[in-house]
Amino acid sequence: FLVLTPGDALLSRGHDPFPPSDVLWAVHQLADFSHLKTMADIVSEGKWKEQLITTIGKVGHPRYAYFIGGYKDDKAVGVRKAVAHGLGLITNDDFTLPVLIQLLSRSNEDFLVRWEASNAMVTMGKRGDAQAVRKRLGDLLRDREKLTVLLTARALAILGEEKGSLKLREMAMDGDPKIRMEAVMYLGEVTDVGSKDILIKSVKDDNLAVRACAMYALGRIGDASMIATLRKALEGSTDYMATLEKQLKESSSEEALKQKYGVGVFDLRQTLQEAIDTIQKKDGKD
């Protein structure tokens, strides 16, 4: 998956372990309750765990939450992602919610596993009685670890909880550029109109990846009046980007510069064009 813009980055994080036209993809499409034991037996043999755990979750039998949860500490990142994804689809909240909280909040966990766990809780929070999910997510906002709080705030914001959006706005001004980048991206993802002033400031951020995410977000929440601001942000980034790229070529610590400035993470011109296209499509519908 070619990632050029923040929108691409969000799409690339989706859980899809099936190659197109793969046999296991066909199994995934056709599977029902009658296939559960056979699939579980194959997983127990150590075969196709990522794919079949995903399918078992899709079938959604509450009893199989315990089987899926047994793989939450599997050594393969893809399997743990499948666990998070699958548990979010099964209605057995007394068991699944604590496991998902664990996957989201353990600081040594792979980012995409934590991402998938947060998405699973969003899925749970959108169905039936979501109060338990929202309460547990609210409790996690007080966690000491920034990434836990960040992903929790995103989940709450998607679920329409104002405290999630407020926390994202706060973290969009964090001292860590990676946290700022993600927070700004999520503000665009949830189309948080209240963050407009923060995003206008973020298009001048020292980190180019944060600038790109701010362009993306303003494209999602803005109107035609924002196009001039977006174009000016790109113009203001051009010389800056050229200078940093020169530093990258000359630096003996290239990785440090990349981490600091996000050079090469996103294509600013493509991001700008997508933002303008988004605004124009939206205005055309109004």
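Set aside the neighbours within four places in sequence, and Gln270 is in contact with Leu4 and Thr5, where contact means heavy atoms within 4.5 Å. Gln270 sits in helix α17 (residues 268-285). With a relative accessible area of 32%, Gln270 counts as partly exposed; buried would be under 20% and exposed over 50%, with partly exposed in between (1.4 Å probe, protein chains only). Tyr216 is 54 residues away from Gln270 along the chain, and their C-alpha atoms are separated by 10.0 Å.

A word on what you're looking at: this is a predicted model, in which local features need pLDDT of at least 70 and side-chain atom pairs count only at pLDDT 80 or more, while totals for chains, interfaces and linings use all residues. Residues are numbered from 1 along each chain as its sequence is written, and side-chain values use heavy atoms, leaving out hydrogens and water.

Now for the whole chain. The protein chain has 17 helices and zero strands; both are DSSP runs numbered from the N terminus, helices being H or I with at least four residues and strands E with at least two. Its C-alpha trace spans about 60 × 40 × 40 Å along the principal axes. Of the 286 residues, 52% are buried. Take the contacts between residues at least 6 apart in sequence: 65% of them join residues at least 24 apart.

On to two helix pairs. Two packed helices are described by the angle between their axes and the distance between the axes. Axes here are lines fitted to C-alpha atoms, for helices over the stretch in contact, and angles run from 0 to 180 degrees between N-to-C directions.

| Helix pair | Angle | Axis distance |
|---|---|---|
| α8 (residues 111-125) and α10 (residues 146-158) | roughly 30° | within 9 Å |
| α11 (residues 162-171) and α12 (residues 177-189) | about 140° | 8 Å |

That angle makes α8 roughly parallel to α10, whereas α11 and α12 are oblique to each other. Angles under 35 degrees count as roughly parallel, over 145 as roughly antiparallel, 65 to 115 as roughly perpendicular and the rest as oblique.

Which residues of α8 and α10 meet? Phe111, Arg114, Trp115, Ser118, Asn119 and Val122 in α8 meet Leu147, Thr148, Leu151, Arg154, Ala155 and Ile158 in α10.

In the other pair, Ser165, Leu168, Arg169 and Met171 of α11 meet Ile179, Arg180, Ala183, Tyr186 and Leu187 of α12.
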